[in-house]
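Subject: Handing over a structure

Dear colleague,

I am passing a structure on to you, and the sequence and coordinates are placed just below. Please look through them before you read my notes.

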Amino acid sequence: MTNPLRYEVLNLYKNLLYLGKEYPKGADYFRTRLKAAFLKNKDVKEPEKIKELLARGEFVMKELEALYFLRKYRALKQRYYEEDGK
């Protein structure tokens with residue numbers, strides 16, 4: 001793969017692997033799904049299509065970050081605020 005976008009693809013894969021460590025269904029589940037998604041698109045050669053896939057991957061990365069921040073917010077809220085029924 002001598003594509004100039006190779007570095008970006010590898011960087012996206014590494015970032016998603018890192019974010020997948022705290023995935024709710026487990027890191028192994030996330031890792032297998034991530035690998036399958038990247039292997040499915042390994043034969044894509046057109047730069048436009050690669051850029052579209054990179055944009056989709058960055059969107060998934062942002063969604064994962066939002067999921068983790070929401071989970072952290074909910075945990076803090078449960079710790080410091082009582083429910084109305086109590």
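What follows is a description of the chain, from its overall form down to some single residues.

This is a predicted model, in which local features need pLDDT of at least 70 and side-chain atom pairs count only at pLDDT 80 or more, while totals for chains, interfaces and linings use all residues. Residues are numbered from 1 along each chain as its sequence is written, and side-chain values rest on heavy atoms, with hydrogens and water left out.

**Overall form**

The protein chain holds three helices and zero strands, where helices (H or I, at least four residues) and strands (E, at least two) are DSSP runs numbered from the N terminus. Along the sequence this gives the pattern α-α-α. The C-alpha atoms fill a box of roughly 60 × 25 × 15 Å along the principal axes. The radius of gyration of the protein chain is 17 Å, whereas a compact globule of 86 residues would have a value near 12 Å; the radius is taken over C-alpha atoms, and the globule rule is 2.2 Å times the number of residues to the power 0.38.

Of the 86 residues, 17% count as buried, a term that means under 20% relative accessible area, with exposed meaning over 50% and partly exposed lying in between (1.4 Å probe, protein chains only). The protein chain exposes about 7600 Å², and carbon and sulfur atoms supply 54% of that area; accessible areas come from the Shrake-Rupley method with a 1.4 Å probe, and for residues only the protein chains shown count as cover. Among contacts with a separation of 6 or more, 67% join residues 24 or more positions apart, a contact being heavy atoms within 4.5 Å.

**The annotated region**

UniProt, in an unreviewed entry, places the feature "domain: Complex 1 LYR protein" at residues 8-61; its positions are given in the numbering used here, feature names are shortened, and annotations may be inferred rather than shown by experiment. Over residues 8-61 the chain is 76% helix and 0% strand, and the end C-alpha atoms lie 14 Å apart.

**Buried residues**

Leu 16 belongs to helix α1, which covers residues 6-19, and it is buried because its relative accessible area is 4%. Leaving aside residues up to four places away in sequence, Leu 16 touches Phe 30, Leu 34, Phe 38, Gly 57, Val 60, Met 61 and Leu 64. From Leu 16 to Glu 58 the sequence separation is 42 residues, and the C-alpha atoms are 8.9 Å apart.

Met 61, in helix α3, is also buried, at 17% relative accessible area. Met 61 and Leu 17 are 44 residues apart in sequence, with 10.0 Å between their C-alpha atoms.

Ile 50 lies in helix α3 as well and counts as buried because its relative accessibility is 7%. Between Ile 50 and Leu 16 there are 17 Å from C-alpha to C-alpha, at a sequence separation of 34 residues.

**Residues at the surface**

How many salt bridges are counted? The count comes to one salt bridge, defined as a side-chain nitrogen of Lys or Arg within 4 Å of a carboxyl oxygen of Asp or Glu. Arg 31 forms it with Asp 28, the closest N and O atoms being 2.8 Å apart. Both residues lie in helix α2 (residues 27-40), three residues apart, which is about one turn of the helix. Arg 31 is partly exposed at 40% relative accessibility, and Asp 28 is exposed at 53%.

Leu 76, Tyr 80 and Tyr 81 make a nonpolar surface patch of about 390 Å². Patches consist of residues with over 30% relative accessible area and no salt bridge, with like charges joined within 9 Å and nonpolar side chains (Val, Leu, Ile, Met, Phe, Trp, Tyr) within 5 Å. Leu 76 sits in helix α3, residues 47-80, and is partly exposed at 37%.

Tyr 7, in helix α1, counts as exposed because its relative accessibility is 61%. The C-alpha atoms of Tyr 7 and Ala 27 are 24 Å apart, with the two residues 20 positions apart along the chain.
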